[in-house]
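Visitor: I have a complex open on the screen and would like to go through it chain by chain. Can we start with how one of the chains is put together?

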Amino acid sequence: MKWQIVLRRVGKVFDERTVLRDISATMTAPGAWIISGPNGSGKSTLLRIIAGLLTPTEGEVLYLYNGERLTARQQRQAVGVVAPDMALYRPLTALENLRFFARARGLSLRDSDLLEWLERVQLRSRAHDPVATFSTGMVQRLKVITALLHRPPLLLLDEPGSNLDEAGARFIYQTVKEHAEHGIVVIATNDTRELGYGEPLIQLGK
Amino acid sequence: MMNRTIQILTGIWIAGVTVAAFLWLPPAEGFRSPETARIVVFHVPCAILTFVAFLVNAVYSWKYLRSRDPLTDSQANAAAELGMLFAVLATVTGSLFAMEQWGSAWNWDPRETSIVMLMLVYAAYFVLRGAVEEKSKRARLSAAYALLAFPAMVFLIWILPRVVESLHPTNTLFSRSGLDTEYRITLWSFFAGLMAIFVWMFRLRLRVELAEARLRQQSQRVTQPESQLAGEIR
Amino acid sequence: MNRSSSWANEAVAVFAKDWLLELRTRVALGAVVLFAVTSVVASGFALAPPSGVPAEVKAALLWVVIFFAAVAGLSRVFVVEEETRTADALRLAVSPAGVFAGKLAFNTVLMWTLCAITVPLYLLLLEAPLRNVSLLVVVVALGSTALACATTAVGAIVAKATMRGALFGVLAFPVALPPLLVAIHATKAAWLSDSAWRVAAGDLQVLAGFMLVIVPASVLVFEHIWSE
């Protein structure tokens with residue numbers, strides 16, 4: 001697989017506060033990598049920059065396929081993100097959420113396909129319930145399949161196991177393992193268990 | 001920074017023109033209160049400059065969005081501040097003029113209205129800036145707003161005469177073409193001086209902001225040790 | 001990676017999603033319609049009997065009501081994404097052009113809905129002249145669309161600046177003023193003028209011209225508002 005994410009001297013300054021400085025790294029598929037560091041060290045900021053949600057003040061992030069840079073549209077299709085502060089539409093049902101994201105991304109998926117996805121995470125029975133009625137674990141599972149719907153080669157997870165029980169944690173582990181067989185997984189975490197899900201890539205803070 | 005000589009010359013020039021406006025300039029015939037009509041030579045340059053400031057603000061806003069250079073944002077802000085100042089001056093002098101000549105301080109003349117709308121835009125611009133704390137976000141959002149307000153104001157100035165005239169028949173449309181030579185000389189002399197003052201104040205404002213930024217940076221460096229910032233790389 | 005997601009398709013998806021959300025929560029519709037109905041009733045009550053009020057005043061008042069009702073709801077479509085923290089997921093899935101087009105379409109339909117309820121009520125309660133109804137419909141449709149075009153990007157700015165839409169009226173007014181004035185002028189023509197269509201034709205052209213300028217300007221700056 002010829003997917004690569006390259007961080008070239010990435011830095012981020014908020015007003016006069018330097019949160020990240022001179023971060024460089026290369027990730028080549030397949031595999032899983034870990035960004036670690038104490039709370040407030042900038043893990044989430046770095047992940048958001050890698051996801052393309054935040055522009056770095058210095059440096060750049062490159063998405064390469066066969067050595068060639070992706071366009072903005074291709075980049076959107078190549079990345080899936082699961083993060084605690086990234087919510088789904090709570091008044092809408094699980095199926096309606098999936099329908100929207102599938103349609104927005106131009107995926108030709110029918111309801112039956114979407115229901116299959118829900119089946120994979122044991123949410124099939126709740127397909128027509130509003131997300132507002134879901135437990136934290138259920139929301140997390142729905143977020144994961146929303147991020148995987150378009151089969152992105154790059155999966156970014158921010159503290160994926162937080163607030164999850166044993167079953168939830170196992171689900172995350174399974175997901176990471178499967179995805180890392182062909183694509184790139186980047187996990188920002190502090191959790192001792194999750195730290196072992198991949199190779200250490202970047203350690204922020206002291 | 002503006003040359004000391006130019007500063008002094010500007011001061012003398014403006015003082016000279018102002019005195020001339022009272023001593024040399026003849027009272028304006030054809031107006032109800034010929035003596036006080038002199039205020040027009042102060043009013044018109046202020047009005048012109050507030051529009052110039054608006055254009056300058058739009059240009060720097062555009063530049064900021066392209067380059068994200070914080071200096072251009074400071075420049076846009078400085079232009080807006082000056083624009084607001086001149087808009088207020090223009091409105092007050094215009095209102096005084098109207099009060100003396102036509103007996104009422106406000107007439108919904110298209111030009112008067114344009115200036116007031118411009119003041120509203122400036123006010124909205126400052127309100128927006130006040131609402132955003134983070135500097136780069138503040139710069140980005142206010143630049144975007146300025147670039148929306150600009151075409152809207154252009155449209156407004158274009159359509160106002162056609163709309164206001166039929167809504168409120170007015171006989172107070174003030175045309176400069178009827179001015180005597182002395183008035184024209186004085187007016188444009190004042191304009192030249194005021195333009196120099198504009199540039200002077202603009203640069204002063206920028207210097208203040210840059211000095212503030214430097215002060216802030218220095219105090220940051222004192223409180224944030226370097227070692228906390230770098231990330232280790234594999 | 002063969003996806004057929006042109007910005008138009010994206011816009012349709014965003015539009016459909018926003019309306020689905022709106023029909024389920026009814027926040028924007030509620031605010032907008034409630035404000036409009038209250039204002040119209042209050043105006044009718046205060047001005048009773050309405051027969052003595054000149055047509056210019058009625059024309060201006062109609063659009064003032066429409067404008068402020070719009071302010072109550074037009075920023076909602078962006079503010080809700082920030083408040084409920086769904087903006088990031090949206091940004092990851094949809095191009096900025098698609099987001100803007102979808103939200104603009106939403107605001108336009110919201111304005112049409114508002115007018116469909118408000119204008120007949122206004123005509124009734126304030127005894128506005130029932131002349132040139134077809135022209136009036138065109139003026140209202142075009143004018144309200146122009147208002148949506150003028151203020152959608154402003155709504156995006158406000159949503160990013162502060163999560164609450166309190167700023168919106170202040171920022172939206174200068175940008176909405178040109179179409180507002182022209183719409184009032186055309187409405188007055190529809191009610192008073194004998195050759196109403198001829199008089200209003202120029203106004204309709206100005207409204208169209210305004211939209212042709214402000215929408216591209218909005219699209220150009222939107223990327224800078226929406227992306228961080």
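Visitor: In chain A, what share of the contacts between residues at least 6 apart in sequence join residues at least 24 apart?
Guide: The share is 73%. Bear in mind that this is a predicted model.

Visitor: How many helices and strands does chain A have?
Guide: Chain A has six helices and nine strands. Its radius of gyration is 17 Å, close to the 17 Å that the globule rule gives for 206 residues, so chain A is as compact as a globular protein of that length. Along the principal axes, its C-alpha atoms fill a box of roughly 45 × 35 × 35 Å.

Visitor: What percentage of chain A is buried?
Guide: Buried residues account for 46% of the 206.

Visitor: In what order do the strands of the open sheet in chain A come?
Guide: The order is β2-β1-β4-β5, four strands with antiparallel pairing. At the edges stand β2 (17–28) and β5 (68–69) of chain A; each has a single partner strand, so one side of each is left without a neighbour in the sheet.

Visitor: How many bridges hold β4 and β5 of chain A as a pair?
Guide: Two bridges, in the antiparallel sense, with β4(A) covering residues 58–65. A:Y65 stands opposite A:E68, which is in β5(A).

Visitor: Is A:N163 buried or exposed?
Guide: A:N163 is exposed, with 12 other C-beta atoms within 10 Å. Chain C also has a positive phi at a residue that is not a glycine: C:N132, at about 50°. C:N132 sits in the loop between α6 (96–125) and α7 of chain C. C:N132 is buried, having 20 other C-beta atoms within 10 Å.

Visitor: On to chain C, then. What is its secondary structure?
Guide: Nine helices and zero strands. The C-alpha trace spans about 65 × 35 × 25 Å along its principal axes. Buried residues make up 57% of chain C. Among contacts in chain C between residues at least 6 apart in sequence, 86% join residues at least 24 apart.

Visitor: How many residues of chain C are in contact with chain B?
Guide: 28 residues of chain C are in contact with 24 of chain B. On the chain C side, α7 (133–161), α8 (168–192) and α9 (196–226) each give two or more residues. The largest share, ten residues, comes from α8(C). By class, the chain C side that touches chain B has 22 nonpolar, four polar and two charged residues.

Visitor: And the side of chain C that touches chain A?
Guide: There, 24 residues of chain C are in contact with 26 of chain A. α1 (7–25) and α5 (87–93) of chain C each supply at least two residues to that side. The largest share is nine residues, from α1(C). This side divides into nine nonpolar, seven polar and eight charged residues.

Visitor: Which residues have the most contacts inside the largest nonpolar core?
Guide: B:L148 and C:I157, in a core of 204 residues. Leaving aside neighbours within four places in sequence, the contacts of B:L148 are C:A153, C:V154, C:V175, C:A217, C:S218 and C:V221.

Technical notes: Residues are numbered from 1 along each chain as its sequence is written. Chains are lettered from A and ligands numbered from 1 in the order in which they are written. This is a predicted model: local features need pLDDT of at least 70, side-chain atom pairs count only at pLDDT 80 or more; totals for chains, interfaces and linings use all residues. Two residues are in contact if their C-beta atoms, placed from the backbone, lie within 7 Å. Ala, Val, Leu, Ile, Met, Phe, Trp, Tyr, Cys and Pro count as nonpolar, Asp, Glu, Lys and Arg as charged, and the others, Gly among them, as polar. Two strands pair if DSSP finds at least two bridges between them. A nonpolar core is a set of buried Ala, Val, Leu, Ile, Met, Phe, Trp, Tyr and Cys residues joined through C-beta atoms within 7 Å. The radius of gyration is taken over C-alpha atoms; the globule rule is 2.2 Å times the number of residues to the power 0.38.
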